[in-house]
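Please keep the sequence and the structure in view while reading.

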Amino acid sequence: MTENPAIPRLAGEDVHEILYDVAADVLEKFAFLFLSPAGSVPVPFRGRMFLHAEIEFSGPFSGRLSLVASPSFCSLLAANVLGMEPAELTVEHAEDALRELVNVICGELLVALAGKAVIFDLSAPVLKRISAADAQAVAVLPESLAVIVDEEPLIIASALCLDHDTR
Amino acid sequence: MAYTILVVDNSLLARTFMEKALRLSGLPIGEICLACNGREALQVMEERWIDLVLTAINMPEMNGLELVQTMRAGPALKNLPVVIVSSVRSEARMRELEQLGIKGYVTKPFTPEKLKQIVEGLLPA
């Protein structure tokens with residue numbers, strides 16, 4: 001079996017490090033927002049409802065990327081992307097902002113992992129509302145990375161199927 | 001001369017962002033028409049004169065590639081310039097799109113200046 005150069009040889013910590021750098025870069029360029037690691041401090045899940053956006057990708061390897069964030073973070077994100085006040089925006093703008101963010105982070109993550117010479121197909125991002133308890137459950141998964149953006153938690157979870165199509 | 005641009009994306013945020021970026025680009029833009037998918041875009045192009053199409057790929061009903069293939073299949077829209085807006089920064093995908101006659105490809109996130117660089121050279125003289 002020939003090793004496929006597009007499949008990264010990475011440990012979980014390496015993926016987290018790359019994911020953190022990619023998310024920081026995208027948030028800064030996309031929305032002029034700056035993130036910091038949540039570290040060992042428990043992530044503050046205030047509020048009853050959170051938004052979960054997920055995108056799937058397939059190509060030399062496959063997987064999915066999810067984001068979990070509060071509605072207020074999504075409003076802030078939409079406002080910063082569009083240069084408007086949160087009060088001027090609708091719920092649809094805020095929900096689209098999280099979909100766009102997972103889409104853009106996924107695109108950049110795949111370039112960081114596999115380079116520009118290969119083609120990945122990305123699904124349309126799917127958004128759902130989840131409870132604070134479910135958000136907390138995603139945050140503690142081994143594949144999840146918790147960061148803080150403007151005092152709001154953002155959970156980034158990646159699942160890569162690296163053994164896909166290795167011929 | 002002010003150009004009429006058609007923006008195609010199922011995301012309200014993306015449509016609003018592209019509209020603002022076009023307005024801020026400094027290009028002589030007149031009207032900006034909006035559509036949520038390829039099918040709506042074709043309806044707009046039946047009714048309006050469009051100088052350039054700015055479209056996403058992943059959309060329900062009719063995606064961006066199906067839109068371009070439909071445009072290229074008929075004489076009326078065959079040569080209308082199309083710019084693809086995508087989060088996929090793949091050179092291989094760009095080469096694939098070039099074969100469909102797509103000369104413009106902009107990856108998210110982008111600035112109004114970047115959009116201007118891509119769009120400017122594709123607008124009719």
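**The largest pocket**

The largest pocket has a volume of about 390 Å³. On a 1 Å grid over the protein atoms alone, a pocket is an open set of points with protein on both sides within 12 Å along at least five of seven lines, whereas a cavity is a set of points where a 1.4 Å probe fits but cannot get out; lining residues have an atom within 4 Å of a point. Grid points are joined across faces, edges and corners, and a volume is the space filled by probe spheres set on the points.

The pocket is lined by 22 residues, and those closest to its centre are Asn103(A), Ala124(A), Pro125(A), Ile57(B) and Asn58(B). At least two lining residues come from each of α3 (91-114) and β4 (121-122) of chain A and β4 (82-86) of chain B. Helices (H or I, at least four residues) and strands (E, at least two) are DSSP runs, numbered from the N terminus. With four residues, α3(A) supplies the largest share of this lining. By class, the lining has nine nonpolar, six polar and seven charged residues. Here Ala, Val, Leu, Ile, Met, Phe, Trp, Tyr, Cys and Pro count as nonpolar, Asp, Glu, Lys and Arg as charged, and the others, Gly among them, as polar.

The model is predicted: local features need pLDDT of at least 70, side-chain atom pairs count only at pLDDT 80 or more, and totals for chains, interfaces and linings use all residues. Residues are numbered from 1 along each chain as its sequence is written, chains are lettered from A and ligands numbered from 1 in the order in which they are written, and side-chain values use heavy atoms, with hydrogens and water left out.

**The cavities**

How many cavities of 30 Å³ or more are there? The count comes to two, and the table lists them.

| Cavity | Volume | Lining by class |
|---|---|---|
| Largest cavity | about 90 Å³ | nine nonpolar, no polar, two charged residues |
| Second largest cavity | about 60 Å³ | six nonpolar, three polar, one charged residues |

Residues that line the largest cavity include Phe30(A), Val81(A) and Glu100(A), as well as Leu13(B), Phe17(B), Lys108(B) and Pro109(B). The element that gives the most to this lining is α1(B), with four residues. Around the second largest cavity, the lining includes Gly107(A), Leu110(A), Phe120(A), Val88(B) and Arg89(B). The largest share of that lining, three residues, comes from α3(A).

Which residues of chain B lose the most area to chain A? The contact (heavy atoms within 4.5 Å) takes 27 residues from chain A and 18 residues from chain B. About 2100 Å² is buried between the two chains, 57% of it on carbon and sulfur atoms. On the side of chain B, Leu13(B), Arg89(B) and Pro109(B) lose the most area, together 32% of what that side buries. Buried area is the accessible area (1.4 Å probe) that two parts lose on being put together, summed over both.

There are three salt bridges between chain B and chain A, a salt bridge being a side-chain nitrogen of Lys or Arg within 4 Å of a carboxyl oxygen of Asp or Glu. In one salt bridge, Arg89(B) is joined with Glu108(A), and the closest N and O atoms are 2.7 Å apart. On the side of chain B that touches chain A, α1 (12-24) and α4 (91-99) of chain B each supply at least two residues. The most, six residues, come from α1(B). By class, this side has seven nonpolar, five polar and six charged residues.

**Further local features**

Over all chains, the structure holds ten salt bridges. Asp96(A) and Arg99(A) form a salt bridge through their side chains (2.6 Å, N to O). These two residues are separated by about one helical turn because they are three residues apart in helix α3 of chain A.

Pro109(B) lies in the loop between β5 (104-107) and α5 (112-120) of chain B. The peptide bond from Lys108(B) to Pro109(B) is cis, with omega near -5°. In chain A, Phe32(A) is in the loop between α1 (12-31) and β1 (35-37). Phe32(A) is not a glycine, yet has a positive phi of about 50°.
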